[in-house]
Amino acid sequence: MSGVVVERPDDYVVEEPQKNHLTLEPFNFYTNQLVQKAVLIILNTPIEKLPFHQLWSCTSVRICADGGANRLYYRFINDQERERYIPDFIVGDLDSLREEVRQYYLLKGTVVLPQYTQYATDFMKAIEVAVLMHTSGKDDLYKPVDDDNGLSHLVKKYEQSEPFTAYVAGGIGGRFDQTFHSINLLYSTKAEFPQIRIFFVSDTDLIFLVPEGTTYVKYASKKLFNQHDPVPKLGLLPFGKRVVLSTVGLKYDVQDWVSEVGANVSTSNGVSGTTGFVVDTSDDIVVNVEISHVVGQV
Ligand SMILES: Nc1ncnc2c1ncn2[C@@H]1O[C@H](COP(=O)(O)OP(=O)(O)OP(=O)(O)O)[C@@H](O)[C@H]1O
Ligand SMILES: Cc1ncc(C[n+]2csc(CCO)c2C)c(N)n1
């Protein structure tokens, strides 16, 4: 079998790579500082166990995909709390949006954008809003938009979009086709909107695409995203093509290791790197890192 696996100590100091690389800082939202150009997309899955306040305060545009607005609304027990968290947009076919929720956010100034097409998911529609907000066409979102598929046309009209980060609350771990759709969007948005960097935040994991090439995943400390496990669990998941992987800073570092669905896949690996780890991959893969935060901490 090709490739080598090397077991590392629980804490392993990793230097930033010398060669040309991409740096990702997926855990920055925990620092409560605004991540430049970040948006929050709230999907229709439970949000109670997410680090919600950090996600909210690190983003400047907040978009609910249809029933995601219900999740936001019912997260709060009274209007005094609720009115501090007003989304900018609610978008989708609106078959899940509760009437009292729609009324409330409309009164508070949220733009409600019906998009009735049944050839795109509400999540995809939310991504289109996020993209448009980073183009010169953002003002069009505040004018009437064709309510079937108008967003897709607008997105095509304004091609250039500035790079930005999208944190996605939920979308993983619920219905299996929806979960797979979320994973698929990591690949399809890279092709269609390469300027977006998507990070899914689930109850248990941070999930993101690591593109072909060398990526340095950087953080101040493992404690920032996981206070329970000194070696947070991690998976290197080749949902796309067969890949050849080399890593530095994982509990089970691999070198020239061939990985594909149906053969070897590195699951139940762990993060050893004290302030970062490096993944070198011949094609795009998905990485999940186990997160945990102290219960009760905002
Ligand atoms: N059970 C689930 N598991 C994972 N993600 C979900 C689940 N339900 C909804 N989502 C995500 O939340 C988004 C909004 O969902 P909502 O239930 O409001 O609309 P829907 O009409 O059921 O979904 P869609 O029309 O997008 O298929 C979906 O597009 C999807 O990304
Ligand atoms: C080949 C194909 N498969 C499934 C759907 C159904 N679908 C996909 S997204 C969506 C919107 C849900 O709000 C619906 C119903 C389709 N149109 N085409």
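These points describe two ligands in a predicted model and the protein around them.

1. **Around ligand 1.** Start with the neighbours. Ligand 1 has 16 residues around it. Those that come nearest are Asn 44, Gly 67, Asp 95, Asp 122 and Arg 175. By type, this shell holds 8 polar, 5 charged and 3 nonpolar residues.

2. **Backbone contacts of ligand 1.** Look next at the oxygen atoms of the ligand. A polar backbone atom of Gly 67 lies 2.7 Å from an oxygen atom of ligand 1. For Asp 122, a polar backbone atom is likewise 2.7 Å from an oxygen atom of ligand 1. Phe 123 also takes part: one of its polar backbone atoms is 3.1 Å from an oxygen atom of the ligand. On its own, ligand 1 has 580 Å² of accessible area, and the protein covers 83% of it.

3. **The pocket.** Where does ligand 1 sit? The space taken by ligand 1 is the largest pocket. Its volume is about 520 Å³. The lining has 23 residues, and Leu 43, Asn 44, Asp 122, Arg 175 and Gln 178 are the closest to the centre.

4. **What builds the lining.** Which elements give two or more residues to the lining of the largest pocket? They are helix H5, residues 122-132, and helix H7, residues 176-192. H7 gives the largest share, with 4 residues. Sorted by type, the lining has 12 polar, 6 charged and 5 nonpolar residues.

5. **Around ligand 2.** Now turn to the other ligand. Which residues surround ligand 2? They are Asp 93, Gln 118, Tyr 119, Ala 120 and Thr 121. This shell divides into 2 nonpolar residues, 2 polar residues and 1 charged residue.

6. **Contacts of ligand 2.** Two contacts can be followed atom by atom. Asp 93 uses its side chain: a polar atom there lies 2.9 Å from an oxygen atom of ligand 2. Gln 118 uses its backbone: a polar atom there is 2.7 Å from a nitrogen atom of ligand 2. Taken alone, ligand 2 exposes 440 Å², and the protein buries 43% of that.

7. **To check in the view.** Find Gly 67, Asp 122 and Phe 123 beside ligand 1, where polar backbone atoms lie 2.7 Å, 2.7 Å and 3.1 Å from its oxygen atoms. Then find Asp 93 and Gln 118 beside ligand 2.

Note on methods:
Residues are numbered from 1 along each chain as its sequence is written. Chains are lettered from A and ligands numbered from 1 in the order in which they are written. This is a predicted model: local features need pLDDT of at least 70, side-chain atom pairs count only at pLDDT 80 or more; totals for chains, interfaces and linings use all residues. Side-chain values use heavy atoms; hydrogens and water are left out. A residue is near a molecule or strand if one of its heavy atoms lies within 4 Å of it. A polar contact is a pair of N or O atoms within 3.5 Å; within protein, one must be able to donate a hydrogen and the other to accept it, and residues adjacent in sequence count only if both atoms are side-chain atoms. Accessible areas come from the Shrake-Rupley method with a 1.4 Å probe; for residues, only the protein chains shown count as cover. On a 1 Å grid over the protein atoms alone, a cavity is a set of points where a 1.4 Å probe fits but cannot get out, and a pocket is an open set with protein on both sides within 12 Å along at least five of seven lines; lining residues have an atom within 4 Å of a point. A molecule sits in a cavity or pocket if more than half of its atoms lie within 2 Å of its grid points. Ala, Val, Leu, Ile, Met, Phe, Trp, Tyr, Cys and Pro count as nonpolar, Asp, Glu, Lys and Arg as charged, and the others, Gly among them, as polar. Grid points are joined across faces, edges and corners, and a volume is the space filled by probe spheres set on the points.
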